[in-house]
Amino acid sequence: MLKRITLFLSFLFLFTFSIIAQQQQKYTISGYVKDASTGEYMMGANVYMKETMKGTQTNQYGYFVLTTEKGSYTFITSFMGYTEYSEKVNLTQNLKKNITLQEKVITKKEIVITGEKENNNTASTDMGKVQMEVEKIKTLPAFLGEVDIMKTIQLTPGVQSAGEGNSSFYVRGGGPDQNLILLDEAVVYNASHLFGFFSVFNADAVKNIELTKAGMPANYGGRLASVLDISMKEGNNQKYNVDGGIGVISSRLTVQGPIKKDTSSFIISGRRTYIDLLIKPFVKKTSAFKGTGYYFYDLNTKVNYRLSDKDRIFLSGYFGRDIFSLNQKDLSFKNSISWGNATTSFRWNHVFAPKLFLNTSLIFSDYKFEMGATQSEYDIKLYSGVRDYNAKLDFSYFPNTRHKVKFGMNYIYHIFTPNNATAKTSGVDLDLGKEVKLYCNDAALYINDEWDVTDRIKINGGLRYTCFQFTGPFERYILNYSNQVIDSVYYKKFENIKTYNHVEPRLSIRYGINELSSIKASFTQNYQYIHLASVTAISLPTDIWMPSTNIVEPQFGTQYSLGYFRNYRKNMWETSVEVYYKDMKNQIEFKEGSLPEDNIKNNTDNNLTFGRGWSYGSEFFINKRTGKWTGWIGYTLSYTKRKFPEINKGVEYWAKYDRRHDVSVILSYEFNDHWTFSAIWVYATGNAMTLPISRYIINGTIVNEYGPKNSYRMPAYHRADISATYTGKKHKNYQSSWNFSIYNVYNRYNPYYIYFQTTGSILDYHIETQAKQVSLFPILPSVTWNFKF
Amino acid sequence: MKRTTNQIFQIIAGLFLFFVFYSCEKNISVDIPESEEKVVIEGSIDLNDYPIVFLTKNLPYFGVIDSSMIYNLIIQDATVIVSDGNVYDTLMKTFDINYFPPLFYKGSIIKGEVGKTYYLTVKVLGKTFTSVTTIPQPIPLDSTWFKVEPHQDSLGYLWAKFTDPPGTGNYYRLFTKRLTKDKIFVPIFGSIYDDKFFNGQQFQFSMMRGSSSINSTTVDPEFGFYKIGDTVIVKACSVDKATYDFWRTAEGEMYSSGNPFMTPSQIITNIEGGGLGVWSGYGVYTDTVICK
């Protein structure tokens, strides 16, 4: 521990020293960059001096600081798809510039991965980073016309989809709980609607998406695999706007506008499905699904107010729910399930001095799952969830053009509600134990510096110190050797049960070989204090979030990554090759043979078992960024293994989401101002699964004996989608567009799951077993009409 | 309780299918590695009764299995010995068409007694398998009755009132037998219980009739129910932890097999020496219900 603190201090010292050493006669230009037509602040705009080519990019809030030697320069601000801003400046004092960029008259929806300086691919220290712009995603084929940013993220190398009916994603061999998903800085615990067929993010309300899968900077933490940072739109502060869309299964509406022109604005965006209403007439009266209803909705709102040139405040909220109900009179059976997230973020940006920027955030985040069922005399309720109260201070300090320093702190109070249940039979309460809640303090301190050591070498280094505390009130059940509860220990409110302290080093280095190519390497260590325990073979909302406790130790991940980046033809083509190795300790799984009810009147963590995971692989990426034809090809070759002493007799096995080959091909062709055509093709090695190897007879019934865990592969998954987008003429106050998509063009029956059907009976002395594959979606066309006025 | 949990998962599965009601299904062939031949032991000793042991071999996974193959599964040349530590009882081959398999091994010296431990030794195919079980104290049901379900004409469930003794670690297994209709005791649907949920309490619960084989092709119009006119013997047994673990995982496998939402898990056996199956002692309490 002491050694780590010493390391931390010497790092701080070195860093301060290097800044002092470079103090010369320099001046600073700082300010905000925004979109002229909407007033939205632009993240990732390039700001530089033409003569020296020295520059920077705007941060998440559109703020930039550029410090350089005294002199005359041509000051340039640019952003893909916008007219470049250029101005002669005479730098003899510190300047403040707020720049507005005008969208190019003909919107070239050329590329999907964008928002980068022309050579950002090779010039930055970023590895395994993907940025996407929502407007571009909208032109790609969409499943049932629902634009889904999570699905588009899965088309990039190293990010794997878990398959159809599963919106969670796997990054470089990590589990779905190892991705930190942030919506305006609030953690979203369950990012999917309808068991993963759709993501919770309404594309109309989203401004920017950034995924980091390697070299995670120190300002992020708490997850091993990746950070998906999603920013909501701020709202047009120039004029009122209404846009929306009518699709096959859902409709959307977004209203935005100024509250006070140039100073404050709002946006409100909603979405609801109507599958239930559409399907109702087709459900037969005798059908088992009679009396069944399902829908989901979500609502995004955001208000921002510019108090002064130095202060801005933002208030944003998200609320979404999935609601399912079943009412079968014949069986006197009633059931209702609902789940969803609610988040609220309050943020305050303050510019202390041009070089020092502070963002303060207060965040509330809540995920809930509730289920109630009644059958004749039985009445059962089940619920689980997570609630966070989060406070953050994030400073950005720009001492000079060579350093970009971030430091800050974060405190989260977590309240976990793992599966709790109440049940009644004939009005008598069954004892399912007391309501269990787990309370945790989660704190972090970090410092991170992006340092241009020379023109060729850039270093992005940081340290994150984390402290996690599991506190009372809590009742620990003590089990005997055969897993029976024999006693319990009670911890008082605020009593410290277990504390974990760790330092996480992060380092990325870029070496520029020449103008067009560079080599990058990164090393990161992360601790993860919260875990998702999945009872079933696929992710369901019933999965339980668990904190680290005195039994569950934090997950610990180490990743080494190396990459070669090269651009061709004036940065028109970007290519990269990355290799990685990742080690993950303290991975969790439920013990073999444990059933959901084992969590009742017991501590969930008593049913968990722990092991190690590791993965390695390489990712190849070719991206054509400009021209009539754009698109990319991504290929990932990867290996992911797990080893648990109590699973599979202690023998290592392929992880469920081990994916040998993963290919994505995305093509987009802009035919003219009206028509854009795109196509997607994906290929993925089948999921690993456990299969029965023999069967035997117990009590006159056939049961299975299973083979080694995950030793069988499902058939490979592949699919092609195509789409055509027609953008109508731009009227004075009105514009509309049509998106025609065909999902699964060649009607491939991809495996969703495999099961075995046994017919006949042992008592009839005749049995037959057949393997069956269930596929979800055949060829599915869809149409969506979008409008804007 | 267990039934409700199971239903919840069935509902979730149903919900899935609801959305993919036009999902496609096709037959595929799957290459499964050859599995080794294993001995399956299903043995029990009831209170005041002789031990019985069924011995079979496991089956290959795919393909059609006909009567000759099933007969070949039955192990006919084993030595089966049950002991209480003092007395040894070598079980004799017995034939009874009401059981499956109809050929099994039955004792004639030792009868089950409360609190005693019983050791099983099976020698077959050059291998020796052993196991241990105990017969716990039987716990009586306070009362039992039949009630017609709403919306049903003459079908309903059996009900019982029960008082669990204080202290955790009580496990139960329930069977019923309809006189004339059933030839043997059949475990109820969700037959295995742990008193974790109702320790020391008095409560009432319903029993859904199990079928003698869930793979049966014939449709039973009384499926899950008892009918007015039935005379039913309820057999409520106390069992030990190993018996509980076996039947809990075995029933989990029987009900969830093929359900993609469940992680397949091995059935926990208490047979030592590489065999499959269970050796269980039952502390039996019986009661009779006339359905009216």
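What percentage of the 789 residues of chain A count as buried? In this predicted model, the value is 49%. Chain A has five helices and 51 strands. Among contacts in chain A with a separation of 6 or more, 64% come from residues 24 or more positions apart.

Chain A is divided into two domains. Domain 1 covers 2-105, and domain 2 covers 129-788. The two touch each other: 27 residues from domain 1 of chain A and 28 residues from domain 2 of chain A take part in the contact.

An open sheet of four strands is found in chain A. Its order is β3-β2-β5-β6, and its pairing is antiparallel. Strands β3 (54-57) and β6 (85-91) of chain A stand at the edges. Each has a single partner strand, so one side of each is left without a neighbour in the sheet. From one strand to the next, the twist averages 20°. Strand β2 (residues 46-49) of chain A runs antiparallel to β3(A), and four bridges join the two. Within this pair, N46(A) stands opposite Q57(A) of β3(A).

Nonpolar cores come next. The largest has 76 residues. Four of its members touch the most other members: I149(A), I153(A), V188(A) and V206(A). Strand β17 (residues 226-232) of chain A gives the most to this core, with four residues. The contacts of I153(A) can be listed one by one. Leaving out residues up to four places away in sequence, I153(A) touches V130(A), V159(A), F169(A), L211(A) and L228(A). Another core, of 64 residues, lies apart from the largest one. Among its members are V40(B), F54(B), I135(B) and I271(B).

A contrasting case is I415(A), in strand β26 (residues 403-425) of chain A. Is this residue buried or partly exposed? I415(A) has 15 C-beta neighbours inside 10 Å. Being buried takes 20 or more, and being exposed takes 12 or fewer. I415(A) therefore counts as partly exposed. Beyond residues up to four places away in sequence, I415(A) touches R387(A), K437(A) and Y439(A). The C-alpha atoms of I415(A) and T604(A) lie 15 Å apart, while 189 residues separate the two in sequence.

Chain B holds an open sheet of eight strands. The order is β8-β9-β3-β2-β19-β18-β14-β15, and the pairing is mixed. At the edges stand β8 (92-95) and β15 of chain B. Each of these has a single partner strand, so one side of each is left without a neighbour in the sheet. Neighbouring strands of this sheet are turned against each other by 30° on average, direction ignored. Helix α3 (residues 241-256) of chain B packs on the sheet. The helix touches β14, β15, β18 and β19 (276-290) of chain B. The direction of α3 makes about 120° with that of β15(B).

One pairing in this sheet joins strand β3 (residues 52-57) of chain B to strand β9 (residues 103-106) of chain B. The two run antiparallel, with two bridges between them. I52(B) stands opposite K106(B) in β9(B).

Strand β14 (residues 171-178) of chain B was examined on both sides. How many bridges join β14(B) to strand β18 (residues 231-239) of chain B? There are eight, and the strands run antiparallel. Five bridges join β14(B) to strand β15 (residues 186-194) of chain B, again in an antiparallel pair. Y171(B) stands opposite V239(B) in β18(B), and opposite D194(B) in β15(B).

How values were computed:
Residues numbered from 1 in each chain as written. Chains lettered and ligands numbered in written order. Predicted model: local features only at pLDDT ≥ 70, side-chain atom pairs only at ≥ 80, totals over all residues. Pairing = 2+ DSSP bridges. Contact = placed C-beta atoms within 7 Å. Axes fitted to C-alpha atoms, helices over the stretch in contact; angles between N-to-C directions. Core = buried A, V, L, I, M, F, W, Y, C linked by C-beta atoms within 7 Å. Domains from an automatic or database assignment.
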